[in-house]
Amino acid sequence: TGLVTFDTGYGNTASCASAITYIDGDAGILRYRGYPIDQLAESSSFLETSYLLIYGELPSKEQLESFTNRISRHTLLHEDLKRFFDGFPRDAHPMPVLSSAVSALSTFYQDSLDPFDEDAVELSTVRLLAKVPTIAAYAYKKSIGQPFLYPDNSLGLVENFLRMTFGFPAEPYEVDPDFVRALDVLLILHADHEQNCSTSTVRMVGSSQANLFASISAGINALFGPLHGGANQAVLEMLQRIRDVEEGNVDAFVERVKKKEKGARLMGFGHRVYKNYDPRARIVKQSADDILKKLGVSDQLLDIAKALEERALADDYFVERKLYPNVDFYTGVIYRAMGFPTKMFTVLFALGRLPGWIAHWREMINDPSTKIGRPRQLYVGATERPYVPMANR
Ligand code: CMC
């Protein structure tokens, strides 16, 4: 019916109308609900930004308090869900553990199944924002064989998450407020990015009227891939390889990338939409400097990252293709300084992207023009041929 266009990777297809996030990739501009990302990173908090993305406006003081209180009342995991973690191998990657546990929320909260029940969607929204940090922390605790900590709801969301991740049950946990703020800012920077792979996945799954938990679980799996959220882990592994195997030789690595040798891609560089410096990367780079200075440590990996960036930005290959550092290029160095193992990096991205996914799912389900996502294809297989009996093959 009508003209079907062929557009692999949907580089030229708008799948929906959205009022959530604006990107001008040529100018390097990113705004959530009209507010510039640098102003939000400077002045907002992750929960306030989550509210903004989901409900469309910055909250009043009372609205933010009530939102925060509601979330803090839902941070516990059902004891049976906690047992879920025992079923996974100890060395399991925390991303599939996270997506599985989020998928399982549909079994614990069967009131979530009707996507058009507004109260239920509201409750699922709060449950996700509250429980995903707990699930993420437990996925980590499980991987290192340490006991789970119950959430302490007197703490803010980020501090609570850090305590459940790095704390011990019987010991007080003290965390540097600068760390809490640094992580809060990173979560704000990741909170939405319009129709990226995972968000499009959330919308696609939701377009079949699957509930919020099922759709978000699918989004987490989409984020896992190294070309998307998995890039932050891949960047750190690349930097480590350059340090340990390639003796810090940035030049040789860049030359291999340019020759497109197998496995040689400059991870954390390039973007489908940004053809200019990613505005998030600029903020993250500054934050990496600040955090390391604050800790009084120097990290050779940060030096390698800076040398790589400088080398790449002066090279025609990268200039011609408009390849600049993206948000993932410097985040790993910060997460590492905070004590997170490499495997947890993409989980931190998921924590940040969660409000964006929720906002898009809600926008999609409430949009009367939404249709089930169902792309067409260009068939390139065999033309009709008769069935061949087994004896004749
Ligand atoms: N290193 C080397 N060459 C690259 C890179 C890179 N990171 N990215 C793109 N190119 C080249 C690519 O080989 C192609 O060259 P040519 O025209 O000679 O074939 C040209 O640049 C255009 O690239 P593309 O693959 O058509 O671009 P895309 O829009 O399909 O891909 C991307 C975008 C982000 C997947 C890609 O740039 C990439 O793989 N980057 C590395 C992974 C990464 O950092 N991902 C995180 C993205 S930002 C946050 C997120 O979504 O999680």
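This is a predicted model: local features need pLDDT of at least 70, side-chain atom pairs count only at pLDDT 80 or more; totals for chains, interfaces and linings use all residues.
A residue counts as buried if 20 or more other C-beta atoms lie within 10 Å of its own.

The UniProt record, an unreviewed entry, places the feature "active site" at His-271 and Asp-328. These positions are spread over 58 residues of sequence, yet they cluster in space, with a largest C-alpha distance of 10.6 Å.

His-271 is located in the loop that runs between helix H12 (250–258) and helix H13 (279–295). His-271 has 20 other C-beta atoms within 10 Å and is therefore buried. When neighbours within four places in sequence are left aside, the contacts of His-271 are Asp-278 and Asn-326.

Asp-328, by contrast in setting, belongs to a helix, namely H16 (residues 328–338). With 29 other C-beta atoms within 10 Å, Asp-328 is likewise buried, because the criterion asks for 20 or more. Residues up to four places away in sequence are again not counted; on that basis Asp-328 touches Ala-231, Asn-232, Val-235 and Gly-268.

The surroundings of the ligand may now be considered. Around the ligand there are 20 residues, of which Ala-231, Leu-266, Gly-270, Arg-272 and Asn-326 come nearest. Sorted by class, the shell around the ligand comprises eight nonpolar, eight polar and four charged residues.

Note on methods
Residues are numbered from 1 along each chain as its sequence is written. UniProt positions are given in the numbering used here, feature names are shortened, and annotations may be inferred rather than shown by experiment. Helices (H or I, at least four residues) and strands (E, at least two) are DSSP runs, numbered from the N terminus. A residue is buried if 20 or more other C-beta atoms lie within 10 Å of its own, exposed if 12 or fewer, and partly exposed in between; C-beta atoms are placed from the backbone. Two residues are in contact if their C-beta atoms, placed from the backbone, lie within 7 Å. A residue is near a molecule or strand if its C-beta atom, placed from the backbone, lies within 6 Å of it. Ala, Val, Leu, Ile, Met, Phe, Trp, Tyr, Cys and Pro count as nonpolar, Asp, Glu, Lys and Arg as charged, and the others, Gly among them, as polar.
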